[in-house]
Amino acid sequence: MTAHATPADAKTLAARIAQLPDLPMDSLWALWDEHFDERPNHHHRTWIESRLAYAMQARVFGGLKPSTRRRLEAIGETGLLPRPLQRQASHLLPGTVLTRMYDDVEHRVLVRGPFDYEYQGQRFKSLSAVARHITGTQWSGPAFFGLKSGDKAKEPA
């Protein structure tokens, strides 16, 4: 459900979020306790600030619709994108990070732009080149990173 905030609420919220980086940790934890039932097992400040900013915005503007939350949870559990999103996945936005477990190692690729991917500090022109670098064999990069489903996405024997 979406709440409709007044412009004054939005302005106040923006100011409160802008102050998060300047708050001492004990104040961040106090805010955390207002928004969440449990504290995280780590103390990564930037992550804490981003989660607080989201929670503060959700309280003023409303959170995700239940149907959207269910879809995102299903993607997280299965790792498979629904068919309409698979078609759109070839248009990945810069800043997107793709992850894949392969040989018990998590591989992370940063999408820098069209035909520009970064893996372990190296630049590649395609996801297939990244997949080939990781596996040593010819792969469809979109299939390797789960952007395509079907038999082609299975690992070679």
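**Exercises on rings, helices and a sheet**

Trp29 and Trp32 lie three residues apart in helix 2 (residues 25-35), so about one helical turn separates them. Helices (H or I, at least four residues) and strands (E, at least two) are DSSP runs, numbered from the N terminus. The model is predicted: local features need pLDDT of at least 70 and side-chain atom pairs count only at pLDDT 80 or more, while totals for chains, interfaces and linings use all residues. Residues are numbered from 1 along each chain as its sequence is written, and side-chain values use heavy atoms, with hydrogens and water left out.

**Exercise 1**

How many helices and strands does the protein have, and in what order do the elements run from the N terminus on?

Solution. 
- Step 1: the secondary structure consists of seven helices and four strands.
- Step 2: starting at the N terminus, the order is α-α-α-α-α-β-β-β-β-α-α.
- Step 3: of the 157 residues in the protein, 26% are buried. Buried means under 20% relative accessible area, exposed over 50%, and partly exposed in between (1.4 Å probe, protein chains only).

**Exercise 2**

Classify the aromatic pair of Trp29 and Trp32, then that of Phe144 and Phe145.

Solution. 
- Step 1: a pair of aromatic rings is described by the distance of the centres and the angle of the planes.
- Step 2: rings of Phe, Tyr and Trp (its six-membered ring) pair if their centres lie within 6.5 Å; planes under 30 degrees apart count as stacked, over 60 as edge-to-face and the rest as tilted. This rule gives a count of six aromatic pairs.
- Step 3: Trp29 and Trp32 are 6.2 Å apart centre to centre with 75 degrees between the planes, an edge-to-face pair.
- Step 4: Trp29 has a relative accessible area of 9% and is buried; Trp32 is buried as well, at 3% relative accessibility.
- Step 5: for Phe144 and Phe145 the ring centres are 5.0 Å apart and the planes stand at 85 degrees, so this pair is edge-to-face.
- Step 6: Phe144 is buried at a relative accessible area of 1%, and Phe145 is buried at 8%.
- Step 7: Trp29 and Trp32 also belong to a cluster linked by ring pairs, together with Phe36 and Trp47.

**Exercise 3**

Solution. 
- Step 1: two packed helices are described by the angle between their axes and the distance between the axes. Axes are lines fitted to C-alpha atoms, for helices over the stretch in contact, and angles run from 0 to 180 degrees between N-to-C directions.
- Step 2: helix 1 (residues 7-19) packs against helix 3 (residues 45-61) at an angle of about 170 degrees, and the axes are 10 Å apart.
- Step 3: angles under 35 degrees count as roughly parallel, over 145 as roughly antiparallel, 65 to 115 as roughly perpendicular and the rest as oblique. Helix 1 and helix 3 are therefore roughly antiparallel.
- Step 4: helix 1 makes the contact (heavy atoms within 4.5 Å) through Asp9, Ala10, Leu13, Arg16 and Ile17, and helix 3 through Ala53, Met56, Gln57, Val60 and Phe61.
- Step 5: these residues divide into seven nonpolar, one polar and two charged. Here Ala, Val, Leu, Ile, Met, Phe, Trp, Tyr, Cys and Pro count as nonpolar, Asp, Glu, Lys and Arg as charged, and the others, Gly among them, as polar.

**Exercise 4**

What is the order of the strands in the open sheet, and which are the edge strands?

Solution. 
- Step 1: two strands pair if DSSP finds at least two bridges between them.
- Step 2: strand 1 (residues 97-102) and strand 2 (residues 105-113) pair antiparallel over six bridges. Val97 has Leu110 of strand 2 as its bridge partner.
- Step 3: two residues separate strand 1 and strand 2 in their hairpin, and Asp103 in the turn has a positive phi of about 55 degrees.
- Step 4: strand 2 and strand 3 (residues 116-119) run antiparallel and are joined by four bridges. Gly113 has Asp116 of strand 3 as its bridge partner.
- Step 5: strand 2 and strand 3 also form a hairpin with two residues between them, where Phe115 in the turn has a positive phi of about 60 degrees.
- Step 6: the open sheet of four strands has the order 1-2-3-4 with antiparallel pairing. Strand 1 and strand 4 (122-124) are the edge strands, each pairing on one side only. From one strand to the next, the twist averages 30 degrees.
- Step 7: helix 6 (residues 127-135) packs on the sheet and touches strand 1, strand 2, strand 3 and strand 4; its direction makes about 20 degrees with that of strand 3.
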